[in-house]
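Reader: I would like to go through the terms used for this model one at a time, and to hear what each of them rests on.
Author: Then let us set each value against its definition.

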Amino acid sequence: MAAEAERAILAPRRLRITLEVGWFLVVFSFFTVLALAQLKPQPFGRIFRFLLDGVAVTLGLTVVSFCFILLIGLIGGLGRLSKNPILNGIATLYVEIIRGIPLMVQLLYIWFALPQLLDIIGYKLKGISALAGVGQWFIDLKLSPFVAAVTGLSICYGAYMSEIFRAGIESIPKGQMEAARSLGMSYFQAMRYVILPQAFRVILPPVGNEFVALLKDSSLVSVLAVSDLTRRGREYMARTFESLETWTMVALIYLFLTLFFSRLVRIMEKRVEFEVK
Amino acid sequence: MSDEIIRIEHLYKRFGHVVALDDVSLSVKRGEVVVIIGPSGAGKSTLLRCINHLEKPDRGTIIVDGIPLTHEKANINKIRAEVGMVFQQFNLFPHLTALENITLAQIVVRKRSRQEAERIAMELLEKVGIPDKAHAYPAQLSGGQQQRVAIARALAMQPKIMLFDEPTSALDPEMIKEVLDVMLQLAREGMTMVVVSHEMGFVKAAADRVIFMDGGKIVEEGTVEQIFNNPREERTKAFLSKILI
């Protein structure tokens, strides 16, 4: 009894403290960046202005990829739950293969290896007269760095997201689907109106975490000639050799962004919790 | 239209090594109230769930209102909308209010307008005695109230048949009556009902026919009088001696 009462009192307090520390860090990192840029315009102000383009690219890349990732996650998750052996097999294969290869290697593969692979396939197809057009299309296909980056991040994170969607949908009791079907709803109607709205609340925290992780991992696309925050940092360093100042600034901006979005996700979680009760 | 609304012939169903249904045949007339009793694992729920195809039988035929239940999806969804089902665990949609629980399938499946669906939902909430709970979420309702909303939800589809799978087993004793009263009223209005329940009050008041199942088979069937006062089979007697203290 005593221990339980103690836990009941302690739990909310601990939560409140972490929340406040979280917000403190957001504000702190934000003002550190601003203060450095304002108080020491040489070199921090200059670095900050140089990096701003990269911040926009990093955010754009993350948001665009995340939309695709949610779509892939939904389709992949449903595929993993499908009783159809072909759909299930494809989804499982996709998830297992992608999760077994590092993101960095996947990005390098799409940027450097895929064009060669497409060329080979293209020339093979050109040999078959009926498919010559398709073959030429394969050979001509050139991904821009941004498109390649979005593709790589979406395919990789889509696999992890599929597992999150699968777990979320599986966490909804079987009786919900049965009740919906017993009212005459089709499988997709039941998913759309009954299962997914409930699963959405369950998966919101892990999905939010994925967004923040994606924001950080997007720094890897700097190897694909995408001028994101990290690559802008490298460019600036190469020009001025002000390594310490440049990377301090880059790190602080990432820190602010990730902390800020983590807090945002936390607020959304709270909202949803209250809505259900 | 014949007055036979459900016809089941030679139904078999196994779960792994467990035989749930073993050559079950049954016919239910329009407006009839059939109560299925029997020990747990007798196949009562499986039989009920086969009628709206929540379980796929291994073998046998089911004809509901003249439509044979084949594995074609179109047929199955059509029949499910005609067959209301009430579950032991209520299975209300927790993210929707009582009213929305009742309107959802009307709008999505029956393609009714929101206004019409809400009008029908309110009438039904009135009927089950909780119009004041229209905007409450399931978590804010007692078990008895939740089950009454679940009945209203099934009725909103204007089903020809209602299936009840142990509708009062998960309820606290003081809430059982409010649910049984709704079911009794339905029976009096002439609804065709197949009920799995051991609530003697309901069985005696409403059942036209009682079926005793054991080991996946229909062991004995008859009127309330026959089954409870003059059971022929030993297994029926043994079972009744346990539930009728």
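Reader: What makes β2, β1, β4 and β5 of chain B an open sheet, and in what order do the strands lie?
Author: In this predicted model, the 4 strands of chain B follow the order β2-β1-β4-β5 with antiparallel pairing, and the edges are β2 (18-29) and β5 (67-68), each of which pairs on one side only. Two strands count as paired if DSSP finds at least two bridges between them, and the strands themselves are DSSP runs of E with at least two residues, while helices are runs of H or I with at least four, all numbered from the N terminus. The model is a prediction in which local features need pLDDT of at least 70 and side-chain atom pairs pLDDT 80 or more, whereas totals for chains, interfaces and linings use all residues. Residues are numbered from 1 along each chain as its sequence is written, chains are lettered from A and ligands numbered from 1 in the order in which they are written, and side-chain values use heavy atoms, without hydrogens and water.

Reader: How do you know that β4(B) and β5(B) pair?
Author: They are joined by 2 bridges, and the definition asks for at least two, so the pair qualifies. Across these antiparallel strands, B:Ile63 stands opposite B:Pro68, and B:Val64 has B:Ile67 as its bridge partner. The hairpin they form has 2 residues between the strands, and B:Asp65 there takes a positive phi near 55 degrees.

Reader: Why is B:His10 called partly exposed?
Author: B:His10 has a relative accessible area of 47%, and the term covers values between the limits for buried (under 20%) and exposed (over 50%), taken with a 1.4 Å probe and protein chains only; B:His10 is therefore partly exposed. This residue of strand β1 of chain B also has a positive phi near 50 degrees, although it is not glycine.

Reader: Why does A:Phe241 count as exposed?
Author: The relative accessibility of A:Phe241 is 68%, so it counts as exposed. A:Phe241 sits in the loop between α9 (229-240) and α10 (243-276) of chain A, and its phi is positive, near 60 degrees.

Reader: Why is A:Ser182 called buried, and which residues of chain B is it in contact with?
Author: A relative accessible area of 3% is why A:Ser182 is called buried.

Reader: Where does A:Val105 lie, and why is it called partly exposed?
Author: A:Val105 belongs to helix α4 of chain A, and its relative accessible area of 41% is why it is called partly exposed.
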